Amino acid sequence: MAAFSMLSVFIMLALGFIMYLRFSVSFRQEIIQSTQKLMEQTGENMEDYLVSMRQVSDAVYYNVIKEHDFSSPDNDIQRGMNLLYEANKSNLRSIAVYNHYGSLMAAEPVALQKEDPNVTRQGWYQKAAGEMENMHFSIPHIQNLFDDATHRYYWVISLSRMIELTDHGVPQTGVLLVDMDYSGISRLMKKINASDNGQYYYLCDGNGQIIYHTRQIQISNGIARENNRSAAAYKDGVYDEIFENSRRKVIVNTISYTGWKLVGVIPYTTFTHGMFNIRYFIVVLILLMAMMLAVVNRMISVRISRPILKLDHSVAEYEAGKKPEIYIGGPREIRHLGCSIQNSYEQIETLMKTIVIEQNERRKSELDALQSQINPHFLYNTLDSITWMVEAGRNDEAVVMISELARLFRISLSKGRTVISIKEEMQHAQSYMNIQKVRYKNFFSVTFAVDEAVYSCCTVKLVLQPILENAINYGVRGMDDGGEITVSGKKQDGAVVLSVSDNGVGMTEEEVAMLLTDSGRIHKKGSGVGLVNVNNRIQIMFGKAYGLSVESEPDEGTTVWIRIPAVDDTEENRKVLEKGNLFGGESLHGNTGDGDGEA
């Protein structure tokens, strides 16, 4: 689900970014297009306004001035100018005619001219005199030619042109001045500058002189700046520029007949501000998509992961030993994987059973081989003693020997069993020692001090005989005053501990260390099997935790300890031990301690 969610988030962010860029470009183009349309409409309105002023100028010139003489007593020129002024006075401030000396010939409305206004030095007059065939529009200025009874000053834009007039029948040149009310232009510009998003418009002439600007006073006072000179040089179109470290779009539209430039300025912050709602919409859309995708991803991830988790759980339980059925379900791939795991476990179990059976057979074969090494040795020594007795005429002793031998072999055979009770093992040891005492003419004594509580436990047969034989041959046999051999047994810490002690010659520490490890060394007497054989048989049957240990000191004697688990001598336990399943997982029943668990 995390992978799906991360992928979904990445896709949504990429999609949102692309949508934002797409909307941003579209929004920017839309703002530019709407600005161009507004400027075109404003330009048309302004052109209509200026055309009306041109028409007034043409009417005054062609219909009034050219048709009459200024010296005419009928005052036809004044009446004509008055009619035109009254018809257009909402957009006009004054109409005046000057001769080529700069003297006022006529004016409407009638007003007194200020003293020495230096008309010929003013820009509108000089432009008109310089280019006779054209009309010239000035930049906004305060009208300063006539005295106003109200002492008010008006901002005007002067439309001037060179004309031919007649005075006393003499033609001469002059200048016709039409002062337009600047408030008309101002109203048009204020109307389109009503926006508060940072976008604004201004008007300049072809030389870059500002006609209208929202911050015109600050610019004239040097507080603010505008890139009007560069804008005046632009052709109509859209431009990117950086002004005062701010990027902005500049749209230029030329006003016909005048050379004026209507300039629209769109800062890039306007685009960013205008994209707020779009950003909000995209964020909300991404959140909604994220919520939907979270639900979808959850459903998909659960659908994919549920069979995998079930398979993993069943495998974990199987590994924990519960051995449940391996989950087989879900998509085809998971079913195939479950079947493969199930088959693998079944094959492993089969192989494990085969290995256990083989190991048990191997252990049983080893045990039988070790057992076979002991039986011929007993028979050889005992029959040799009986033969010697018969030859010596000691028939009674021979009878006793034969009886003990029969008893010994009855226990040794044990109906083919390897595991017998400790009681039977003790009887076997007593029969063996009785035979040896007769053979060696009782030059040593034997004491059996075994706790009867251990009689009901089981053991591998023939573990005491080799140890007793070693005690006789290597312990007490060479002693002049006879030796003592003690056999004891008891339960200790959940195990049965048997011991064979003698007061014989003993051994050094080096010999004791080699006794249970060097099975290949040459024995001075005996079968050559001895303690190593017994230790191996015990460990094969019960495990490495059990077996023999030896303590000895020179001239002090030797003690051999036998440690085996305290397992009750029952038929079930015997079968388990005989099968060699003590390590294969089959439990022992009725044990008197924890020896089976240790084994």
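Two strands count as paired here if DSSP finds at least two bridges between them, and helices (H or I, at least four residues) and strands (E, at least two) are DSSP runs numbered from the N terminus. By that reading, strand 10 joins strand 11 (residues 261-267) through 7 bridges, and the two run antiparallel. Please keep in mind that this is a predicted model, where local features need pLDDT of at least 70, side-chain atom pairs count only at pLDDT 80 or more, and totals for chains, interfaces and linings use all residues. Residues are numbered from 1 along each chain as its sequence is written, and side-chain values use heavy atoms, leaving out hydrogens and water.

**Strands 9 to 11**

- Strand 9 (residues 237-243) and strand 10 (residues 246-254) are antiparallel, with 7 bridges between them.
- Val252 of strand 10 is the bridge partner of Gly237, and Val252 also stands opposite Val263 in strand 11.
- The hairpin of strands 9 and 10 has 2 residues between the strands, and Glu244 there takes a positive phi near 55 degrees.
- In the hairpin of strands 10 and 11, 6 residues lie between the strands, and Tyr257 in the turn has a positive phi of about 70 degrees.

- Five strands form an open sheet in the order 13-15-16-18-17, with mixed pairing.
- Strand 13 (444-450) and strand 17 (547-553) are at the edges with a single partner strand each, so one side of each lacks a neighbour in the sheet.
- Strand 13 pairs with strand 15 (residues 483-492) in the parallel sense over 7 bridges, and Thr447 stands opposite Thr486 in strand 15.
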